[in-house]
Amino acid sequence: MTTTSDRLHRAGDGVSDPILEVKNASVTYDDGDTYVLDDVTFSIERNEILGVVGESGSGKSMLASALLDAIPAPGHLSGEVLYHPDPDTTVDVLEFSDAELNEFRWAEVSMVFQGAMSSFNPTMKVGAHFEDTLKAHDRSVPEGLEFAREILSDLYLDPDRVLDSYPHELSGGMQQRALIALSLLLEPEVLVMDEPTAALDLLMQRSILLLLEDIKEKYDVTMVFITHDLPLVASLADRMAVMYAFELVEAGPRDQLINDSSHPYTRALLNSTPNIDAPLEDMRPIPGKSPAPVNVPAGCSYADRCPLATETCRESDPAFEPVEAGHTVACHHWERAAEAIELTFGEAAAVGGDAEGDPQ
Amino acid sequence: MSRARGADADGDASDPLIAVDDVEVHFEKEQGLFGLFDEPDVVQAVDGVSVDIGENDVLALVGESGCGKTTLGKTIIGLQEPTEGSISYRGRDIWETKAGNTDLSFDDIRSSLQIIHQDPGSSLNPNRRIVETLSEPIRLTHPNVSAGERRTRIYSLLERVGMTPAEDFASRYPHQLSGGEKQRVALARALLMNPDVILADEAISALDVSLRVEMMDLMLDLQEEFNTSFVFISHDLSNARYFAAHGDGRIGVMYLGNLVEVGPPDRLISDPQHPYTEVLRWATPNLALDASEAADPPMRKIDIPDPVNPPSGCRFHTRCPEARAVCKQEQPALRALGDDHRAACFRTDSDHRYWESDPIED
C-alpha cells in the first residue's frame with residue numbers, strides 16, 4: 001500500500017522500516033484559530049532512539065500526545081498517525097475505538113511524562129500501580145510482577161523496597177526510574193518519553209540515559225525522547241528532529257544534525273548551549289522570541305530571528321529538502337547556513353572556522 | 001558554641017564580605033507519634049564548610065540533589081542559622097548581629113543579602129501586578145519615598161533587566177509573563193535593595209537551555225554594574241563554568257554536605273582533583289560527540305547515600321572508583337593545591353598512606 005508520496009517521503013528521511021508514521025498532523029484549538037502543531041510529517045524507524053528537540057512552547061509535547069491520539073480536549077488533531085506492528089501491517093491510530101485505543105496505549109505504545117511525582121498516586125504504594133495496570137489490561141498479576149522486578153533491577157532499583165514504598169519514600173531519580181519500569185510493564189513496542197529527566201539533577205539524568213540504552217537493547221523497544229535539552233539527548237539518540245514554532249524544521253542522523261546542521265535555527269540553538277568544552281566567548285543567546293500560536297507568520301516562522309532571512313522567507317513557507325541521505329531541512333537558504341552561522345564547539349568549530357571563513 | 005567571636009564584633013576593611021567558618025547545619029527529622037521518645041534522626045545537610053566571598057565575587061556551588069548546596073547558600077545569606085560555626089558579614093557575625101550584639105543592624109545585613117529562587121512562578125504573588133510586587137520592598141525599607149519616585153526607580157530597573165517597555169510589563173500580572181521574564185522580575189526585585197550578595201538558587205534551571213546563557217549574561221552585567229557578588233547554585237557544571245569564568249570567580253563542588261573541591265573554573269574542569277568532580281564532568285552533556293560517548297560513569301553506584309547516616313571516612317567512598325580501605329576510616333580535609341585550588345582527597349598527596357591501602361571490594 002505504498003503510494004508515490006510515501007516513497008518520496010521515505011527517500012528523504014532515510015526511514016526504511018517505520019514503526020510509527022505521522023502525516024500532516026495538525027493540532028488546533030479555538031475552532032482552528034490557534035495552531036499548536038502545524039502540519040508535521042515524520043516517521044520513526046523500528047528500534048531506533050529518536051530525539052525530538054524544541055524550546056518550551058514549540059509544540060513538542062503536542063507531538064508526543066498526537067502519537068497516542070491523546071490531545072487534551074478541546075484540541076483537535078487532524079492528519080494521519082499510522083502504526084506498523086510489523087513491516088507489512090498498517091493500522092490507523094486515529095480510527096481506533098476506545099477499547100482499542102486503551103490496549104494500544106501501554107501495550108503497544110506507552111508514555112512517560114515529566115515529573116514522576118505527579119504521575120504516581122501519592123496514596124498508593126508503587127507496587128499497587130503495577131498491579132492495577134496489569135489488572136486493567138487483563139494480564140496475569142504474578143507473572144507481570146515477576147517481569148516488573150526484572151525491569152526494576154535492570155534500572156538499578158531494589159524491587160522489594162521500591163514495590164513496597166509509597167512514592168514520597170523514594171528519591172526523585174528513583175521515582176522516575178520506577179515510572180519508566182511501569183511504562184515498560186506490558187512490553188510496549190514504542191516508549192514515548194516527554195522530558196523524562198527534566199526535574200532531576202544532571203548526574204541522575206545521565207545515569208538514566210545510560211540505563212535507557214541498555215533497556216532498549218534488552219527489550220527491543222523503539223524510543224522517542226522529547227526534550228528541550230539538546231546536548232542531553234544528543235548523547236543518546238540515533239536520529240534527531242528539531243521543532244520550532246509548532247513545526248518540524250530539521251531531521252537527520254544524530255551526527256549530521258549536530259556537526260553539519262543545516263537549519264539556521266538548529267545552528268543557533270547549538271551555539272546558545274553552554275557547553276563544557278566550547279570557548280566561553282562563543283556562546284550566544286538567540287536574539288528575539290519565538291512566535292505565539294496565533295498569528296504565526298505567513299512564511300518561514302523563524303524568518304524574524306534568522307540572519308539569512310530574505311523576502312522569499314517571509315512570503316513562502318519552506319518545504320523539506322534533502323541535504324543528504326536521511327537528513328532533511330525546511331529552509332530556503334540551508335546551503336548558506338553553514339558558512340553564515342559557524343558552530344562554536346568541538347571539531348565542527350575547527351572545521352567550520354578554517355574552511356568556510358570567507359564571507360560571501 | 002564556637003560562634004561568639006567577640007574580637008570580630010566591629011570588623012575592619014580587611015575582612016572579607018562574607019566569611020563562612022567551619023559551618024555545620026544539621027536538621028532534626030520530624031518524628032511520628034510513635035517515635036516520640038526515640039532519638040530523632042539528624043540530617044547532616046552541611047558539615048565543616050569554610051569559604052570566603054569577596055566584593056564583586058562569584059562562587060558557583062555544584063553537586064547533585066541533596067548534597068546541601070541550597071542549605072549552604074541559604075546559610076551564606078543568613079536565612080539559615082548554622083548549628084555550629086559562624087557566618088560573618090564584613091567582620092560581624094550575622095547571628096550575633098541578629099541578637100543585637102554588634103554595631104550593625106540586622107535589617108541592613110538582611111537587605112544586603114538577597115535571593116532569587118529556582119521557580120520564578122511561585123516566588124511572585126499571582127494576585128499582584130509586577131509594579132506592586134516591586135513597590136513593597138521599597139515601601140518597607142524607605143517609607144518616605146513618594147509613589148512617583150518608587151515608580152521611576154522600578155521602571156528604570158525593569159528596563160535594566162531588559163523588560164521594555166517597562167510601563168507595560170510593570171502593569172502585568174505574573175501569569176502574563178514567560179518564565180524568563182518572571183525570572184527577570186525576581187532579579188529586579190533582588191536588585192532593588194542594592195545588595196552585596198545575591199544567592200541565585202538554581203535560578204536558570206527552570207529556563208529553556210537556549211535562554212540560560214542570556215539570563216547568565218544579564219546577571220554578569222549587573223555584577224559589574226552594581227558591584228554585586230553572586231552565590232550561584234547549579235547542578236550543571238557547564239552553567240557553573242560559564243558563570244564562574246565570566247564572573248572571575250570559583251566553582252565549589254559539594255558532596256553530602258562537604259565541600260570536596262574548590263577552585264577557578266578552568267583548573268577545576270581541565271584538571272579535576274576529586275573523583276567526584278570527575279563524575280560531575282562525566283555527567284555534563286557534551287556536544288563534541290566523541291567525548292559524550294565516553295562509556296561508563298566513573299562511579300560504582302548510581303544513588304546518593306542517605307544524609308541521615310552518611311558513610312564513614314570520606315563520604316564518597318561508597319561510590320568512588322578509587323576508594324581504598326583508608327577512605328572508609330579517615331575523612332580527608334581540603335588541601336591547598338596552589339592557585340586558589342583546594343581538594344579533599346587523599347590522592348592529591350603522593351605521600352599519603354592511601355597509596356599503601358587496599359582497594360575496596362563491593
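## A glycine in a loop

G299(A) is partly exposed, because 19 other C-beta atoms lie within 10 Å, and a residue needs 20 or more to be buried. The model is a predicted one. In chain A, G299(A) sits in the loop that runs between α12 (264–271) and α13 (311–315). T312(A) is 13 residues away from G299(A) in sequence, and the C-alpha to C-alpha separation of the two is 7.8 Å. Apart from residues up to four places away in sequence, G299(A) touches C313(A), R314(A), E315(A), S316(A) and D317(A).

## Domains of chain A

Chain A consists of domain 1 (4–242) and domain 2 (254–355). Over C-alpha atoms, the centres of these domains of chain A are 28 Å apart. Each side gives 19 residues to the contact between domain 1 and domain 2 of chain A. On the domain 1 side, at least two residues each come from α1 (4–13), β2 (34–45), α10 (230–234) and β9 (239–244) of chain A. The largest share of that side, four residues, belongs to β2(A). By class, the side of domain 1 of chain A that touches domain 2 has eight nonpolar, five polar and six charged residues.

## The nonpolar core

Which residues touch the most other members of the largest nonpolar core? In this core of 200 residues they are V192(A), V224(A), A60(B) and V231(B). Domain 1 (4–242) and domain 2 (254–355) of chain A both contribute residues to the core, so it lies between them. Neighbours within four places in sequence aside, the contacts of V224(A) are I44(A), L50(A), V52(A), V190(A), V192(A) and M193(A).

## Where the chains meet

Between the chains, 33 residues of chain B are in contact with 39 residues of chain A. On the chain B side, α9 (209–226), α10, α12 and α13 (289–292) each supply at least two residues. The largest share of this side, seven residues, comes from α10(B).

| Contact of α5(B) with α6(B) | four residues | one residue | two residues |

## Helix α12 of chain B

Is helix α12 (residues 275–283) of chain B largely enclosed or open? Eight of its nine residues are buried, so α12(B) is largely enclosed by the rest of the structure. The buried residues of α12(B) are P275(B), Y276(B), T277(B), V279(B), L280(B), R281(B), W282(B) and A283(B). These buried residues pack against α9 (202–219) of chain A, and in chain B against β3 (58–62), α10 (237–246), β9 (250–255), β10 (258–263) and α11 (265–270).

## A helix pair in chain B

Two packed helices are described by the angle between their axes and the distance between the axes. For helix α5 (residues 130–141) and helix α6 (residues 147–160) of chain B, the axes come within 10 Å and cross at roughly 115°. The crossing of α5(B) past α6(B) is right-handed. From α5(B), the contact is made by V131(B), L134(B), S135(B) and I138(B), and from α6(B) by R150(B), R153(B) and I154(B).

Conventions: Residues are numbered from 1 along each chain as its sequence is written. Chains are lettered from A and ligands numbered from 1 in the order in which they are written. This is a predicted model: local features need pLDDT of at least 70, side-chain atom pairs count only at pLDDT 80 or more; totals for chains, interfaces and linings use all residues. Axes are lines fitted to C-alpha atoms, for helices over the stretch in contact, and angles run from 0 to 180 degrees between N-to-C directions. A crossing is left-handed if the near helix is turned anticlockwise from the far one by less than a right angle, and right-handed if clockwise. Two residues are in contact if their C-beta atoms, placed from the backbone, lie within 7 Å. Ala, Val, Leu, Ile, Met, Phe, Trp, Tyr, Cys and Pro count as nonpolar, Asp, Glu, Lys and Arg as charged, and the others, Gly among them, as polar. Domain bounds come from an automatic or database domain assignment. A residue is buried if 20 or more other C-beta atoms lie within 10 Å of its own, exposed if 12 or fewer, and partly exposed in between; C-beta atoms are placed from the backbone. A nonpolar core is a set of buried Ala, Val, Leu, Ile, Met, Phe, Trp, Tyr and Cys residues joined through C-beta atoms within 7 Å.
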